[in-house]
Amino acid sequence: VLAEATPDDRAFDAALRPRTLEELVGQERVREQLSLVLEAAQQRGRTPDHVLLSGPPGLGKTTIAMIIAHQLGAHLRLTSGPAIQHAGDLAAILSGVDEGDVLFIDEIHRMSRPAEELLYMAMEDFRVDVVVGKGPGATAIPLEIPPFTVVGATTRAGLLPGPLRDRFGFTAQLDYYEAAELQRIVERSARLLDLTISDDGAREIASRSRGTPRIANRLLRRVRDYAQVRGDGTVGHPEARKALALYEVDDLGLDRLDRAVLQALCGSFGGGPVGISTLAVAVGEERETVEELAEPFLVRLGFLARTPRGRIATPAAWRHLGLAAPADPAQ
Ligand code: ADP
């Protein structure tokens, strides 16, 4: 699935990651707001407010967390919601936090409830009570934590319980990138990779990257392979087009999963309405994968609509698949 990071990508991601706010492409408002938050805290000699970053995968949340730590000259600790299933897991992490550290919690909405409660106490008071033992013999051991900054990342801020969300003094919602910004990202990455790419080659990759820097970088990598093996190593418009066709990324940036979802919706379910779980089973994927990776993009393109009775395909979706929409399309 395109927007999810594979281990292979991680090394590549790391090499292309902007290290400062100035290097970050786009997201002007977030950049300006964040630089104020950080500078003000530094002037006061305090740790900055906790920061919550929300938005779809691959838009730069981890990158921004790293930039925050870098800008503050702070040590970055990385963890994720799924790794924190017990309050004790979090207590162990918190007991290792040093003054001024930045604690990055990816997928923060996937922490367990007891861990969430411990976290918001820690964020508020910089101390928590760690409960040891069970039943009448249980004792609470107070744990003091030096001032630190939590940077939380989530695909949807709405999934976080209110009390936890309220502990974040600064919240930024990252949005999909414009084609021109993605083109700048592709050109920047090509420079870092010592790759010669034409304007229209970079534009072609950008236009099929579905608003997502991680996908832009990944497509660039595929195109680079193609140019190296089948051409002279430089990327022009024809190389970009041929490579992307080979990897089944269509003109609009739809990948195999996106098309499978549309095909199931139109083919097996007559255009819907159909429930998201049924649709996920039909394409052999987890519901979450379809919901978080394919659906937002299909909705954004106006191909799929969510209705109270289920998902439906729009006439544009039928057209994109080259099929005739039924005479009486699902309402
Ligand atoms: P997330 O944490 O939101 O899933 P990442 O921060 O891991 O996303 O970003 C994925 C990759 O996309 C990074 O390696 C980085 O190279 C690139 N990237 C993301 N945002 C930007 C940006 N604003 N400018 C340049 N590159 C970016």
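This is a predicted model: local features need pLDDT of at least 70, side-chain atom pairs count only at pLDDT 80 or more; totals for chains, interfaces and linings use all residues.
Me: How do you know that the length of helix α7 agrees with its number of residues?
Reply: Helix α7 covers residues 179–192, which is 14 residues. The expected span is 1.5 Å times one less than that number. That gives 20 Å, and the end C-alpha atoms are 20 Å apart, so the two agree.

Me: What makes a residue of α7 count as buried, and which ones are?
Reply: The cut-off is 20 or more other C-beta atoms within 10 Å of its own. In α7, Leu-182, Gln-183, Ile-185, Val-186, Glu-187, Ser-189 and Ala-190 are buried.

Me: What do the buried residues of α7 pack against?
Reply: They pack against α1 (7–16), α8 (199–207) and α9 (213–230). After α7 comes Asp-194, with a positive phi near 60°.

Me: Why is α9 called roughly perpendicular to α10?
Reply: Their packing angle is about 110°. Angles of 65 to 115 degrees count as roughly perpendicular, so α9 and α10 get that name. Their axes are 9 Å apart.

Me: Which residues meet there, and what classes are they?
Reply: From α9 come Leu-219, Arg-222, Val-223, Tyr-226 and Ala-227. In α10 they meet Glu-239, Ala-240, Lys-242, Ala-243, Leu-244 and Leu-246. By class, eight residues are nonpolar, three are charged and none is polar. Tyr counts as nonpolar, while Arg, Glu and Lys count as charged.

Me: Where does UniProt place the feature "domain: AAA+ ATPase"?
Reply: The unreviewed UniProt entry puts it at residues 47–178. In the model, that span is 29% helix and 27% strand. Its end C-alpha atoms lie 33 Å apart.

Definitions and conventions:
Residues are numbered from 1 along each chain as its sequence is written. Helices (H or I, at least four residues) and strands (E, at least two) are DSSP runs, numbered from the N terminus. A residue is buried if 20 or more other C-beta atoms lie within 10 Å of its own, exposed if 12 or fewer, and partly exposed in between; C-beta atoms are placed from the backbone. Two residues are in contact if their C-beta atoms, placed from the backbone, lie within 7 Å. Axes are lines fitted to C-alpha atoms, for helices over the stretch in contact, and angles run from 0 to 180 degrees between N-to-C directions. Angles under 35 degrees count as roughly parallel, over 145 as roughly antiparallel, 65 to 115 as roughly perpendicular and the rest as oblique. UniProt positions are given in the numbering used here, feature names are shortened, and annotations may be inferred rather than shown by experiment.
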